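Visitor: I'd like to walk through this model with you, one question at a time. Could you show it to me?

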Amino acid sequence: MLSERVRQDIEALRARYPVAQSALIPALLRVQEELGWVPPEAMAEVGRLLGLPVEVVAEVASFYTLIFTELPGRHVVQLCTNLSCMLSGAEAVREWVERELGIRAGQTTPDGRVTLLAVECLAACDQAPCMLVDEQRHGPVSPDSAVQLLRELD
Amino acid sequence: MPQPVLLRYVREPDQADIDAYERRGGYAALRRALRELSPEQVTELVDRSQLRGRGGAGFPTGRKWKFVPKDAPVKYLVVNADEGEPGTFKDRTLLEGDPHLLVEGIALAAYANGVRTAYVYLRREFYQAHRRLERAIAQAYQRGYLGQGILGTDFCLDVYVHPGAGAYIAGEETALLESLEGRRAMPRLKPPYFPAVMGLYEKPTVLNNVETLCCVPWIVREGPEWWLHQGPPQLYSVSGHVNAPQVVEAPLGTSARELIERAGGVRGGRQVKAFYPGGTSSRPLPGKYLDVPLRHEELAKLGSMLGSAAVIVMDETTDMVKVIARVCEFYRDESCGKCTPCREGTVWVTQILDRILHGRGRPEDLDLLASLARNMTGTCFCPLGESVPPSLRAGLEDFREEFEAYVRAAREPATMPVRLHLGAPAPGG
Amino acid sequence: MSTVTLTIDGRTVTVPKGTTVYHAARQLGIEIPIFCYHDRMPPLGACRMCFVQVDRMPRLQTACTLEAQEGMVVWTESPEVVEARRAILEFLLINHPLDCPICDKGGECPLQDNTFRYGPGASRFVEPKRHFPKAVRLSPVLTLDRERCILCWRCTRFGEVVAGDHALKGHERGYRTHIDVPPVTQERPSKFIGNTIAICPVGALTSGVYRFRARPWDNQPTAGVCTHCGVGCATWVDTRGGEVVRVRAREKPEVNDIWLCDVGFFGYDYTQHPDRLTTPYMRQGGTLQPASWEEALDVVARALRQASPRVGALGGKRLTVEEAYLLGKLFRFLGSNHVDARADSAFAPPREWAWGAGPFEALDRVGVFVLVGCDLSEDYPVLWLRAKRALDRGAAGLALAPKRLEIAPYLQGAVVHRYGTEADVLYAAARLLAERSGSVPEPLRQVKVQTSCDRAGVSCQAVEDLVRHLARPGPVLFVVGQLSWDGPQPGRTLAALQTLRAVCGGEVWVLRGKGNATGALLAGLAPDALPGLVPPEDPQARARVRAVWGFEPPISPGLAAPAMLEAAAAGRLSVLYVAGADPARDFPDGDLWKRARAKLDLLVVTDLFWTTTVEQADVVLPALSCFERAGTWANLEGRLQRVAASRMGPPGARADGDILQLLSQRLGRPMEYASVDEVWEELRRVAPGMELDRPYSFPRPQPRVEVQLPTPLDGEGLVVVPSAPLFRTGEMASRCRGLPELAGNPTVVLHPEDAVPLGLEDGAEVELQVGDASARARATVDAAVAPGHVLVPVGFSQFPRSRWQRPGLRVRVRALQPAGRESR
């Protein structure tokens, strides 16, 4: 189910390490770039490429919060709710973002547009409250500006 | 105020580019080391600088390097760029603002330790830093600062960026190595897995934090005496209820009061109720300690620590019960689940705190929390679980009346604390 | 070895350097509670239960991870330790359901026991407990209750460290951590999952078969031996109300350590299955009719007497040593040496190649072991665990096989060669090694490395790698297995192996034969050996036999199984007595069997079930299972283990030993013994050197250079590589709950090069045609076999050995239906 390109990239990743398993997490992230998530069949295929039992792939994938074993929305919004952001108003941002999207953190909008994640410290407390929209960091965000950012997403 | 050292160029928009970096003196230290210094001499400079690890544990870097067996045929350098301690953002600032400083630091550390392969374990969320670092590494290869036969010597070094995938515990050094080996980031047993002797792939491994390595080029270029004379320079991440949260470079031992001033002062001109001096793993201190020098020794005396030097400021309006509950939740969510006290203790503690916050606290809960804090102290496998008791203890000892107010409110709802702090107005408000 | 001396609770103990405080304390009889630590796996230090206090150390230490140091002063009952243990137990219990009254583990649960001894009296936990779906069926034999799980990681580490199958894993993290299997279908079930149930310190992992069947204190344990594969694992057989409710491993370091495979764990239900034969049958008017024991035994005795010495006996793997001895003795009395325990083998080499192995402990010392056509984890699973231990301590493991072994990832080299060409690889290796040593023995000069490699379809590099590993320090062990023994040219393989051994030394094991097959050979069920595997012409042995038996056994060797069937087919053998064997299904040449059967005057079969051979018998005698009679069982090492009966057999069935005694009375040579011991003592007089609990050291073949030329195997179609997986649907396994589901449906494997022209996709349904017969199965497309080959799982009802084990068999493969999602 993986494209030839992804398979080649995984081979290249493998070459960076003396032990193939080291390439596992980068490989899963590479799969995710392509498919948006890591479906079970892809786990098995990555396992075959790296010579690892699928059991190992699955236990590793499930440990890390940014390896998605369920299909997320087209956009993944990570809202920091840790202390510095909380002190700077992240709770209100979260409340308004949840209201705007009609979902709670940890959920995906029914139309598959946005997955909202309440995450731990993004190491951007100088921009608290801070929010990652896909790979783009925004902050400080207010409830207004956060909602505005979400409305601009396709 | 002296000129900053580590932050000197981070705000220069072109600093991430190798030309600008070189123009501002970059890679001079590496040239000097490869031309004039033996690996042992580089280690010696770092040792004399009294540089201590900036990741949290504060272990002397020179000593760490000396633990690495000199004669081992294969060794690794691993950079801990998994900055995740709440309130800490100095490594990200360096990575985004001055990535070549890290690359040069990596090259120097590798040279000093006889390493030919280095991995930078980079937090997944650092998308921008990732792009800049990859570019910096590519440029460094092009200019011959990395790769084969560096600067015409027989020193060779390959550097790879290894992305994390969302796990705070991967910041713990042995968990990081597990993760780098493609496994669940669960800490290893020490002994035998001291990274310096049995690290990545069971080979001797130098493991340093981003900021630590960013100090090295300066130490090598200007000398340890100069470095010590500078303070030594220390990055403090100042956030929370300050007007201009930012990374502040100040001499080691600067007080929180001064750091808060440099971060624009307390928001709204309020009083400081409490502050974390070294990230949420350190024990938060009441405002009366604002003038204590933030240095390992002084903080240890107060039962706290410098940790990652993340100063989180909480003003007088802050609900400390809520703060401590939030901190405990963080450790609950980030616990790897390996050991019993951390996995179970973090859940239990947050369940109790949650109940208290929701007006269902019982008077005996405070003693129970104190007991659980005791039971999680000295019993966890790694420092993660042990990061919960300092906050709990501080809450129960220094801010006990706030807990008692919640518990009282369970029977007299009218007294429910209403200081639930919302930092920003609602939209349209 | 250097030692350290330390003080624990005021007492001094000296232990080897490297010992942990936990073990040092045990040496003093001081018990330190543990959960995650298990002494067959490295310390983990996760559960934090084993805290001790050590003078001059700042915090409590985990005894399981702490290495004892000279002068260390340790306290295991200090107030701090007592407090910390209580705290850990409290943490472990907050989310434990405390459903002990309905938990299988209740009564034998370390969590219960440790809580009783060290735990808090009451819980301070008033929050809602963590909930998971209850009783999740992870496999047909494994049920998981995640709420009971205390995340000690024993089961996951068992899969990593001991079995290497990674069957169970921790998923997610922190308080969400739970044990799980991957979200995709596992291609193969674990062979060792029962062990995870055994080492689970709570009732989280329970047996899908034993679940809710008994409380442990109601069980009656009997020391037993597993008789499935031939490793002879020591067991505890738990019975309740006359039923076997559970089988557990019994610690025996020199055989199975503390482990069993899942056939051993879950393969016991057959003994109480309603299909058990409970009355004799006799063929009357073409059909088998129930008969009385009297009638049946009279008929058998009369036929044996009349046909003597044209009588033969086949089988033995399900007989005890004593019963096999009596069977051999009876037939010798009848003047026949035609006795053979190897009823399912077409290859019958002389006595010195009897199946068997040296002591398994040799694996603990080898520098390199070479599996020659030996699918170790499928055929002798628990022996693989020992081999894995050897690999883990640095030994090299190599394999030559016509298929990719499941354990290949753990081996230093695994060569997949064309079927039947392992001799070519071995000869090539011998030639290379001889060249390296500077002297090539004359016969070896005719071996050309390149030609040999080409014939085997392997690269010369692979042979060079093999040679490189053979040069490693430490003893070399060659292990010949069923894939070679039952292959097209086993004799040549043995000759090649002998040649290689002549060049590089090394011991050789032959791993074949199930149950007590080796024991039956030792007890005398071999055509060319008296009890003890002694040649029948050996004067001393004959003297002993004469003295004890009171009659002279025939001196000339009898016929081995294949020759016996040939003789029967030619009308030279009239009565065949089959004891606990199913040659109609298992003898690799089904046509020969048919011809033999047709000519036999009388076919007598003793068995538990209505087998294929029983169906064709003239007299059927219902026998007892291994749980139902006392006796001695020998494993592949010839290690003799005595067991007692653990349950009564069904009324109407008799032990084979009793049947033989009754027959002997009717034959005028009464063999009467009051007990198994009497038989055993007699056997020991005939074959000195047999000792209980010791491997019997029987003569092994000596190396010599002998080059045999290959017999070309020509023909059309794909070459069948018959290979019996551990989980299959035999007479016993198919009558045990769980095992048939583990076996699943048989799958054949084709090489991609062969699949493409056939238009075959992975997972497609195929038909295999051979002559006028055919069989259907799903096909896996995988380079696990050489091109031109098809791997066929024999031992499934679709693929009986009688048809599919014939060496050199070729088939036509036809796709029936392409793989489709809907068909999965």
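Visitor: How many residues of chain B are in contact with residues of chain A?
Guide: Happy to start there, and please keep in mind that this is a predicted model. On the chain A side, 42 residues take part. Their counterparts in chain B number 48.

Visitor: Which element gives the largest share of the side of chain B that touches chain A?
Guide: Several elements give two or more residues to that side, among them helix 7 (127-142), strand 3 (158-163) and strand 9 (310-315) of chain B. Helix 14 (320-334) of chain B is also one of them. With six residues, the largest share comes from helix 14 of chain B.

Visitor: Turning to chain C, what is its radius of gyration?
Guide: Chain C has 26 helices and 33 strands, and its C-alpha trace spans about 85 × 65 × 60 Å along the principal axes. For 824 residues the globule rule gives a value close to that of the chain, so chain C is as compact as a globular protein of that length. The radius of gyration is 28 Å.

Visitor: What percentage of the contacts in chain C join residues at least 24 apart?
Guide: The count takes contacts between residues at least 6 apart in sequence. As for burial, 57% of the 824 residues of chain C count as buried. The share of those contacts that join residues at least 24 apart is 73%.

Visitor: Which strands stand at the edges of the open sheet of three strands in chain C?
Guide: The order of this sheet is 6-7-10, with antiparallel pairing.

Visitor: Which residue is the bridge partner of Leu144(C)?
Guide: Strand 7 (residues 142-144) of chain C pairs with strand 10 of chain C in the antiparallel sense, over three bridges. The partner lies in strand 10 of chain C. It is Leu205(C).

Visitor: Where in chain C does pLDDT stay under 50?
Guide: The mean pLDDT of chain C is 95, and 99% of its residues reach 70 or more. Where pLDDT is low, the predicted coordinates should not be read in detail. The stretch in question, with two contacts beyond four places in sequence, is residues 820-824 of chain C.

How values were computed. Residues are numbered from 1 along each chain as its sequence is written. Chains are lettered from A and ligands numbered from 1 in the order in which they are written. This is a predicted model: local features need pLDDT of at least 70, side-chain atom pairs count only at pLDDT 80 or more; totals for chains, interfaces and linings use all residues. Two strands pair if DSSP finds at least two bridges between them. Helices (H or I, at least four residues) and strands (E, at least two) are DSSP runs, numbered from the N terminus. Two residues are in contact if their C-beta atoms, placed from the backbone, lie within 7 Å. pLDDT is the predictor's confidence in each residue, from 0 to 100. The radius of gyration is taken over C-alpha atoms; the globule rule is 2.2 Å times the number of residues to the power 0.38. A residue is buried if 20 or more other C-beta atoms lie within 10 Å of its own, exposed if 12 or fewer, and partly exposed in between; C-beta atoms are placed from the backbone.
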